[in-house]
Amino acid sequence: MNKKYDAITIGAGIIGCCVSFELAKKGFRTLNVDKLPSAGYGSTSGSCAIIRFHYSTPDGVALAREGYFYWLDWPNYLGADDESGFAKYVNTGCLVIKTALNKNLVNVMRSLDELGVAYEELDLEGIKKKMPLLDLHGYFPAKLPNDPGFGLPTAPTIAGAIFIPESGYMSDPQLSTHNVQRAVEARGGEFLFNSEVVAIRTHQGRAAGVTLKDGQAIDVPVIINVAGPHSYIINRMAGVEQGMNIKTRALRQEVAHVPAPEGFDYQRDGMIISDGDVGTYSRPEVGNHVLVGSEDPECDEREWVDPDHYNTGFTQQAATQAMRAAQRIQGLRIPNMMQGVVDLYDVSDDWIPIYDKSDLPGFYMAVGTSGNQYKNAPIVGILMAELIEKVEAGHDHDKDPVKFTMKYTRRTCNIGFFSRLRKINRDSSFSVIG
Ligand SMILES: Cc1cc2nc3c(=O)[nH]c(=O)nc-3n(C[C@H](O)[C@H](O)[C@H](O)COP(=O)(O)OP(=O)(O)OC[C@H]3O[C@@H](n4cnc5c(N)ncnc54)[C@H](O)[C@@H]3O)c2cc1C
């Protein structure tokens with residue numbers, strides 16, 4: 001390939017596309033390379049695409065809040081048409097159950113207060129008013145179905161909840177990624193699909209290009225690893241994994257897609273529910289269905305897998321999650337044949353992403369998105385473009401982390417928070433909550 005690019009992004013998922021979009025806006029000639037046939041076909045396609053704010057760290061809450069505004073303004077932000085139409089933001093509100101695990105949401109409420117995000121603190125009566133069909137017993141800790149205590153209350157009531165009205169989900173994560181692809185192309189960026197990167201080439205101690213499976217070599221001075229659950233493989237190709245304090249690996253996940261309780265219009269009256277007490281999160285889905293994911297309770301074995309060889313069929317896990325959600329959502333229906341999604345998270349050691357340079361000059365990474373960074377893709381694109389621009393201009397990010405002011409919340413984002421060199425962040429939930 002004779003063309004000259006300034007940057008290659010490995011991966012055309014939602015984050016890879018947003019990184020190229022922001023680089024293209026800064027004048028970089030970008031190329032996204034993906035081994036799959038279309039944008040957003042990797043783990044982004046399996047995403048529940050929930051937009052919510054209750055992260056365990058103030059930086060996590062702030063990034064999600066900033067990201068939210070881009071989804072609200074989606075077609076304007078992209079500034080380019082898509083013949084397939086635009087993905088839409090659906091606002092549902094988010095009910096978060098207080099538990100000892102989330103420290104009764106004290107830190108989350110402090111972060112929300114600081115950012116001026118409206119929320120209601122609800123007692124049991126308040127929760128019942130919002131969602132009359134909820135059972136308010138405590139069930140913690142989540143159990144496996146073969147445990148004699150499965151489904152039996154362990155406490156007369158939960159401790160309460162908060163309701164955050166400005167929360168929701170994107171109607172179609174794959175389409176949203178296609179939307180970004182079109183926006184990148186409108187700015188001159190290019191995409192190469194069905195093309196697997198098999199080697200990262202270096203020259204005089206710097207990233208110099210990628211080699212594809214068909215033997216094609218593309219020279220480029222900047223390479224960004226946004227390969228989702230394959231991120232660790234790309235980092236190993238570049239020889240940068242050794243220099244990282246925090247590493248990533250692929251975790252298998254199941255999401256159940258179950259019919260809502262009979263007679264209840266879940267799309268109109270349902271909401272996102274994050275329920276650490278029963279160990280699940282859920283949201284309304286089209287056709288009066290409910291999507292049920294896991295909040296990774298301790299009793300569930302974590303299935304670290306080879307992202308190219310794993311079981312894509314359902315195990316008992318999806319049904320277990322649905323049964324746990326049914327402890328809270330009375331009347332939730334559990335079909336004999338489970339439907340839903342089996343996909344992978346790219347999990348970092350502390351479930352907080354790595355947005356960083358590497359020890360190889362010219363090689364960057366936006367990885368370890370740990371099942372919770374779809375919502376942040378637009379702001380991560382901005383963050384990575386700021387980082388790359390500054391570091392390529394000679395800034396020493398490891399010594400003096402790059403900072404920038406976020407457009408909507410007007411807060412300073414210290415990119416050093418997401419460093420590959422950080423110590424494990426003990427404030428993390430060590431789960432999908434982040
Ligand atoms: C089941 C599930 C539910 C989720 N729910 C939510 C949610 O509700 N809210 C939220 O905010 N986040 C959620 N997430 C997380 C979110 O979807 C991800 O963080 C996000 O989609 C990651 O995007 P990405 O672009 O980094 O990676 P991906 O979408 O995985 O894209 C990586 C791309 O890299 C390509 N690639 C890999 N290796 C190579 C190679 N060698 N050569 C070329 N291409 C390569 C792959 O083909 C792939 O297309 C969920 C994730 C899953 C799996």
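The exercises below start with salt bridges and end with the ligand.

This is a predicted model, where local features need pLDDT of at least 70, side-chain atom pairs count only at pLDDT 80 or more, and totals for chains, interfaces and linings use all residues. Residues are numbered from 1 along each chain as its sequence is written, and side-chain values use heavy atoms, with hydrogens and water left out.

**Exercise 1.** Find the salt bridge partner of Arg29 and work out which parts of the chain the pair ties together.

*Solution.* 
- Start with the criterion: a salt bridge is a side-chain nitrogen of Lys or Arg within 4 Å of a carboxyl oxygen of Asp or Glu. A search of the whole structure with it turns up 30 salt bridges.
- Arg29 pairs with Asp6, with 2.9 Å between the closest N and O atoms.
- Now place both residues, taking helices (H or I, at least four residues) and strands (E, at least two) as DSSP runs numbered from the N terminus. Arg29 sits in the loop between helix H1 (14–25) and strand S2 (30–33), and Asp6 in the segment before strand S1 (7–10), so the bridge ties together parts 23 residues apart in sequence.

**Exercise 2.** Describe the ligand's surroundings: how many residues surround it, and which are the closest?

*Solution.* 
- Count a residue if one of its heavy atoms lies within 4 Å of the ligand. That gives 37 residues, the closest being Asp34, Ser43, Thr44, Thr369 and Lys375.
- Sort by class, with Ala, Val, Leu, Ile, Met, Phe, Trp, Tyr, Cys and Pro as nonpolar, Asp, Glu, Lys and Arg as charged, and the others, Gly among them, as polar. The shell has 17 nonpolar, 15 polar and five charged residues.
- Check backbone N or O atoms: one of Lys35 lies 3.1 Å from a ligand nitrogen, and one of Gly371 lies 3.2 Å from a ligand nitrogen.
- Finish with area (Shrake-Rupley, 1.4 Å probe): alone, the ligand exposes 1000 Å², and the protein buries 97% of that.

Note on methods. A residue is near a molecule or strand if one of its heavy atoms lies within 4 Å of it. A polar contact is a pair of N or O atoms within 3.5 Å; within protein, one must be able to donate a hydrogen and the other to accept it, and residues adjacent in sequence count only if both atoms are side-chain atoms.
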